[in-house]
Amino acid sequence: MLLGKKRKLGRKLEEIKTGEKLELSEAIEDKDLLLYLGLTNDNNPLFIQHDYASMTPFKKPIVPQIMLTGMVTSAISKYLPGPGSSIKKQSLTFIKPVHHYGKVHFLFQVTGINEAAHSITMSVEGKNEKNEKVLEGELEVCPPYAPKSITSHTLENF
């Protein structure tokens, strides 16, 4: 049961077309890294220790890959298809590391629509501020379903 303010849902399957694109950029700030690392209790020295990271091929601390995954899933939840959507499957490859204070420019594209499975297929590509590809992948996404109207049967389980 939806309580409180009515929230707008994202786009339904029939409103989405193959070839549609979404572009957005995300900056990596200290506050974001600290929130992620604190929330997950992840203390990997590669993510937070400059002295350790300087002795690796990465040369400086990198952004956790799962944090980049969160940026991808957040774009699906917020923009395309938007609120009410769900990721069924994803495959991401992290090509180059993203360093602290970096910026990632994401490009999402709808590559297929499967009406029978109520899903869309999307590609995603992320590039850093030097226009180097840092991640790529594919997602299978379930767009939001139209909510059913409330009837006397809706509340039978309560």
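**Exercise 1. State how many helices and strands the chain has, and in what pattern they follow one another.**

Solution. The secondary structure comes to four helices and five strands, where helices (H or I, at least four residues) and strands (E, at least two) are DSSP runs numbered from the N terminus. Reading along the sequence then gives the pattern β-α-α-α-α-β-β-β-β. The model is a predicted one, in which local features need pLDDT of at least 70 and side-chain atom pairs count only at pLDDT 80 or more, while totals for chains, interfaces and linings use all residues. Residues are numbered from 1 along each chain as its sequence is written, and side-chain values use heavy atoms, with hydrogens and water left out.

**Exercise 2. Work out the strand order of the sheet and say which strands stand at its edges.**

Solution. Begin with the pairing, which requires that DSSP finds at least two bridges between two strands. On this basis five strands form an open sheet in the order β1-β3-β4-β5-β2, with antiparallel pairing. The edges are held by β1 and β2 (86–94), each with a single partner strand, so one side of each has no neighbour in the sheet. From one strand to the next, the twist averages 20°. Next, look at β2 and β5, which run antiparallel and are joined by eight bridges; within this region, Ile-87 stands opposite Val-141 in β5.

**Exercise 3. Describe the largest nonpolar core and identify the element that supplies its largest share.**

Solution. A nonpolar core is a set of buried Ala, Val, Leu, Ile, Met, Phe, Trp, Tyr and Cys residues joined through side-chain atoms within 4.5 Å, and buried means under 20% relative accessible area, exposed over 50% and partly exposed in between (1.4 Å probe, protein chains only). The largest such core has 33 residues, and those with the most contacts inside it are Phe-106, Phe-108, Met-122 and Val-124. At least two core residues come from each of β1 (21–27), α1 (30–40), α2 (45–48), α4 (65–78), β3 (103–114), β4 (119–127) and β5 (133–142), and the largest share, six residues, comes from α4. Taking Phe-108 as an example and leaving aside neighbours within four places in sequence, its contacts include Leu-24, Val-72, Ile-76, Met-122 and Val-124.

**Exercise 4. Decide which residues of α1 are buried and which are exposed, and how the buried ones are arranged around the axis.**

Solution. The buried residues of α1 are Leu-33, Tyr-36 and Leu-37. They cover an arc of only 90° around the axis, which puts them on the same side of α1, the arc being that of the directions from the helix axis to the C-beta atoms. On the other side of α1, Lys-31, Leu-34, Leu-35, Gly-38 and Leu-39 are exposed. What covers the buried residues of α1 includes α2 and α4. Just after α1, Asn-41 takes a positive phi of about 60°.

**Exercise 5. Locate His-118 and determine whether His-118 is buried or exposed.**

Solution. His-118 lies in the loop between β3 and β4. With a relative accessible area of 15%, His-118 is buried. Not counting residues up to four places away in sequence, His-118 touches Leu-13, Lys-88, Val-141, Cys-142, Pro-143, Pro-144 and Tyr-145.

Note on methods: Contact means heavy atoms within 4.5 Å. Axes are lines fitted to C-alpha atoms, for helices over the stretch in contact, and angles run from 0 to 180 degrees between N-to-C directions.
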